[in-house]
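I opened this notebook to record what I looked up in one structure. The entries follow the order in which I consulted it.

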Amino acid sequence: MLKKTTIDKLPDLAAHLMEQGTLLAPVQEAAGFNFQVIADAKQVDLNFHNTVLSPKAAFFPQMEDFVRYQTGKSILEAVPVELNLKPTFLFGVRPCDVKSFTIMDIHFSGTGLVDPYWQKRRQAATIFGYAFDLDQPAQAEEFYKTLGIGAADPDGSDVFMIRKGGDLLLKGVTLKGEKLLTQLSLLTAASADEEKYFEDYIIRGRDFKTRFTFLADKNIAKKLEDIFHDSDFWMKVSGACLSCGVCTFVCPNCYCFDICDETLFSQGIRRRVWDACMFTDFTLEASGHNPRTQVFQKLRQKIKHKYSYHVRKYGVISCVGCGRCTKHCPVNIDIFSIVEEAMKA
Amino acid sequence: MASSFKQIEDKLKTEAKKLLKTGQVSVVLAYGKGYDDNHPMPYIAKLPSDADNIVFNEYCTHNLARYLVRYPKGTKIAVAVKAADSRAVIQLIQEEKVKREDLILLGLPAYGMKNSKTGEIIDSQTTCGLYNPVLYDTLLGEEVHGQPVVSPYDVLAQYEAMDKDARFEFWKKEFDKCIRCYACRKACPMCYCDPCFIDQNNPRWGEKSPQSHGNLMYHLTRFHHLAGRCIDCGECSRACPVDIPLYLFHKKVAKECEEMFGQASGMRIDDKPVLVNFRVDDSDKILE
Amino acid sequence: MSFEPKILGIACNWCTYTGADLAGTTRLQYPQNLRVVRVMCSSRINPSFIFRAFQLGADGVLVGGCHPGDCHYNTGNLYARRRLAVTKKILEFSGIEPERFRVEWISASEGNRYAEVVTEFTEQVKQLGPQTKFKISR
Amino acid sequence: MSRIGVFVCHCGLNIAKTVRVSELAQFASTLPDVVVAKDYKFMCSTPGQEMIAHDIKQHRLDRIIVTACSPLMHEQTFRKVLAASGLNQYLLTIVNIREQVSWVTHDIEEGTAKAKALLNGAVYRSRLLAPLTSRVIDVNDDVMVVGGGIAGIQASLELANTGKKVYLVEKNSTIGGHMAQFDKTFPTLDCSACILTPKMDAVLQHKNITLMTYCEVSEVKGFIGNFDVTIRQKARYVDHSKCNGCLACTEKCPGKGLSEWDEGLVNRKAIHIPFPQAVPQKPVIDRDACTFFKKGKCRLCEKVCEHKAIDFDQQDTFTTVKVGAVIVATGYDLMDTKPLIQYGYGKYPGVYNALEIERLFNSTGPTGGKVTLRDGREPKAIAILHCIGSRDKNHYEHCSRVCCMYSLKFAHLFKEKTSADVYQFYIDMRAAGKGYEEFYNRIIEEDVKFIRGKGARVSKSAEEPDRLIVEAEDTITGKFVQLPVDMVVLSPAMIPRSDTESIKRLFNLSTDKYGFFMERHPKLAPLSTMSEGIFIAGVCQSPKDIPDTVAQANGAAAEALTIVEKDKLELEATTAMVNPASCCGCQNCVRVCPYGAPAFNETKRVSEINEALCKGCGLCASVCPSAAIIARHFTNDQVLAEMEGLMEF
């Protein structure tokens, strides 16, 4: 059943959610919007296009502690770090980013090998998807339509939200979401017109214009394999690349990490931190050999991982077309253009 | 009268084509079209026909000196340089990373460059505030004159006037934002170390996790490594996805180095970088 | 209990460390807050050592080298002077009290000066109170 | 995982009085990786050493920490214990709890706490220590001596007499140096030429000495035991392999140049030997004075030379020799006193400097040994002014040491050769040397007038235009003196040779503020330099007289011999090395190293460190931005770990 509230009452809604657990929602920061743990309900701000960093950190934080230990002591005395999670509400996630969670799920828990940290955080979370504003054009960098994602797709959300003027329409997509909405007493029932608006909006969202090229998963995967050795192509498209880690760190789908032991005095912590295929030490072997030293090799790896290896391994492209990598690239490298060119190559 | 971006672009195309055609250089580092007009990209022209793809507009902020060290010794390269970029080239020559005779510097006298992220005009607030290249072989346009001469260090006054505790809080907040994507060092023409000290495991200078202390160690050490070398192009700050105003710290260190050692970075080929140099009569006062 | 600061010293082998030994041989008394790392030359000191010392909880850092002109390695301390001066400016602009970091030239024959400097610096750091800005908290 | 043994010394009560030693050992035993911790009364005693040796075996220790006195005291002692026990000696760490703890506090609480912190730092550092081995290199057994004055001559002969091959390099066309210009030497007044020329000749005749006159060092490569020194043989325009030294050419030559040997008081020919006893006895052409080189015509020398030795097309040539050690004995110049306008040198013909006076006394000099003024008059009154430019904070603060004595010698010779009144204007009379005070007393009795006051000004006499007035304050009477004289002799500061800078650069030496070469240690290594295998002797180190110069020359020869006598040499183990995988090729190390140890490998684009040149200061490691340089025994991780340990408690 469709519920509604007004944008004015957003702080009340936020406060309700904060009572029940941890609320993560977009907040205006100096460099743009980002998801933050909300301490003050008034901070929640839905007047954003999309966040600078993707919401993946909600389930895959940049730093995750695994084990605490003391140097010089037996390994038996090491203490695993337990996640004691309160229910988490991830509020205001754009459809393309919601889609990224389902793609990441395959990797972290979908193949029998389960990452307990990802899984626990996922299970504790209720996702409030939030449709893009269809009355505003998509941003130049975005291309989620190419990946088959609509601007108002509710799939993957527990609750899906659409804004209608000063109102916010909310619909439970999953049982969990529906149940939650019924508990939120400040929500009122929506009218039949609003119900129709909501359903139409979702359909309109599928035709919403972003950059588009026809891309069949299998074709692009194969094509990229075919041109693997075409180093002229890769050199050309990576000529400007600095091999920094911005694109991978803002990406909702990049999941590479490093495990490191960080000690101070005798106290050690084994933790996971984000890593990036762009970094020098990413493929550095213990022998000192590094199979991927050149910039073009690194960029090739990144693109092939998303559009080829991931398709081969998990049957789906590991990109949702959110455009963050392009938008934040210091030298304006555009993955969409590279994929387009690769198809022509 | 300063030349328009279009005029400079045309000259750049012509010059690049000529240099590639005559074989004077094998590579021209310039700018090319990006995914839209506001987002041009560094572009590497290798064939005379590539020169047609060259663009130059107010968003061509990237410091192309960054790419010089990628090429094998002896490669003849023409590189398009704006004011700060030319200082980076001079600094690289001082450090013997590139040779003057291998380079043809195509000077771009450019006023009114804009940050493509924010649209803001780039001036002495965030860069060295020069508009004409310090060193070039060919100047592709009229020199920029008549712009107000502003010290690139004026912007520091408010931060220097801060109480030290407030200043610490300011920087802590900024450095805590850091996600360690290393765009700053990768965009920097002077950061050519590979691996960077912070990438190393033995010892680990700063923790890899993006926490306050590791971030602080990374940034402070990097400021020291760039002391007397940073040419204040501001690329690090423009590259930063979380908008840390690194340029402020770099400016401060540059200002101190200039005052203590009497030498600005990247101004003369024959200078020696100040931190691998000394004067017997350096004053002990600099330690106070 | 009054605040007893932890101070890290880095002393060059030829002058300051030997001067510290002389202070001992002549039985000069000074506060015990300073813990010295011996290096061969003050020029060995990497700026990151100083940053790290503060992160490890040092309330003050004292570097000792030969007097300029007397360096055992000719010119080491002349480079060190520049490098450590920049280090100090960086510390200052980052917001930490610059008085917590000091460089002194103390020769092998200046045991008394060593004791004086340590006494005076310890007192100064005491006045500044605990250093919490850089200290890693877990 | 390391197995660390900690050994805490009481040093009698020296440590135990203000550090609770057993508590310290107990504390050590709780630290990770510490396998055994003990305290003992005297760790450096034989039983103490045996205890360590025993525990190394019994507990299979691989790191040893001795918590005792300063490492400057007993580090070597304990290193030997490790070595004898089959453990690499660099796996030892000394914790200094005596000089830097127990002796500087009365408070046992404070002392114990600090000792614990220091010990903890040592444990952290110790874990990361690596065994080091010294590299052994071959040694070339030849020696080069630079400078052919008395110091260089003496050192060369000493070395050659031991059977070593010596290359003696002299930039002038003859050896002999300043000593060859002197007439008599103080205090014995024996004839300088009589004692020097036999030695010069001995050099020429010695089968082990290769004499290289009219040569300059142009490049020095390599390191102790293995120097490659390139010598530039300046063009003489006379082929010495053909010349038989008949000197017929010098008679015919019309070209004239100022005689360096006679301090420019007279001319010599363009083709010349500097003085009659010069070694070698073969001429060179002074290009600047030669009529042919100036005007393109003449070639008279060529016409008279029966051996066809004249070669106007001769060019500078370069040869490289390999030597194991070098002695630098480049001597001195007199300070140019022209800028001191108050003394009128160069303005008034009656003002001379000391070396010019030496020449006036000499029978081979410009006046044939007669003391006359430039106009031929014999002086009636002579003033000798001491300390011109030396002992003067405006110029050179140092004392030139020999001026007092040679001024006395001048006074004696003036008295002997003229009937003039002789006045000494001095600040202090310094006569510290064997027989010097006696000499001073002797001169006093020779009716020489001593005025204690520095000569302040020399001016032209208003009344008698040929005479000069010397002004000074007589500090004994407190009266202002204005003395009319005919001749003024200045005793200027002795300063390093004008080419000291280039010698310094070539051999990687350092200089004091006047430019004299720095010795490694002013007392204990006065002939060694910071560059291993390079020694200094004579006035290039500091002003000194002939006996001291000769003594230094002998000493330097002995020092050089200790190196070249060996077949092999063991190098410092705590050197730096480059990890090529991390090197970013910035060349900072190359720019800063005072010893030239790092060099940039252009092919591999990385720096490499020549361990033979490295002294282990670690400067390169700290200027290396990518932390690619490993300063052995003081590596980044070792220092950082020690700091962490020190700050833990």
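Entry 1. I note at the outset that the model is predicted.

Entry 2. I looked up strand β3 of chain C, which spans residues 60–65. I asked how many of its six residues are buried. I found that six of the six are buried, and I recorded the strand as mostly covered.

Entry 3. I then examined which way the residues of β3(C) point. G60(C), L62(C) and G64(C) point one way, while V61(C), V63(C) and G65(C) point the other way. I recalled that side chains in a regular strand alternate between the two faces of the sheet.

Entry 4. I turned to the strands paired with β3(C). Strand β1 of chain C, residues 7–12, pairs with β3(C) in the parallel sense over five bridges. Within this pairing I located G64(C) as the bridge partner of A11(C). Strand β4 of chain C, residues 101–105, also runs parallel to β3(C), and five bridges join them. Here I found W105(C) of β4(C) opposite G65(C).

Entry 5. With helix α3 of chain C, residues 76–94, the two strands make a right-handed β-α-β unit.

Entry 6. I looked up the contact between chains D and C. In it, 36 residues of chain D are in contact with 34 residues of chain C. On the side of chain D, the elements giving two or more residues are α4 (108–127), α16 (619–623) and α17 (636–648). I noted that α17(D) gives the largest share, eight residues. By class, I recorded 18 nonpolar, eleven polar and seven charged residues on this side of chain D.

How values were computed: Residues are numbered from 1 along each chain as its sequence is written. Chains are lettered from A and ligands numbered from 1 in the order in which they are written. This is a predicted model: local features need pLDDT of at least 70, side-chain atom pairs count only at pLDDT 80 or more; totals for chains, interfaces and linings use all residues. A residue is buried if 20 or more other C-beta atoms lie within 10 Å of its own, exposed if 12 or fewer, and partly exposed in between; C-beta atoms are placed from the backbone. Helices (H or I, at least four residues) and strands (E, at least two) are DSSP runs, numbered from the N terminus. Two strands pair if DSSP finds at least two bridges between them. A crossover is right-handed if, with the strands pointing away from the viewer, the path from the first strand over the helix to the second runs clockwise. Two residues are in contact if their C-beta atoms, placed from the backbone, lie within 7 Å. Ala, Val, Leu, Ile, Met, Phe, Trp, Tyr, Cys and Pro count as nonpolar, Asp, Glu, Lys and Arg as charged, and the others, Gly among them, as polar.
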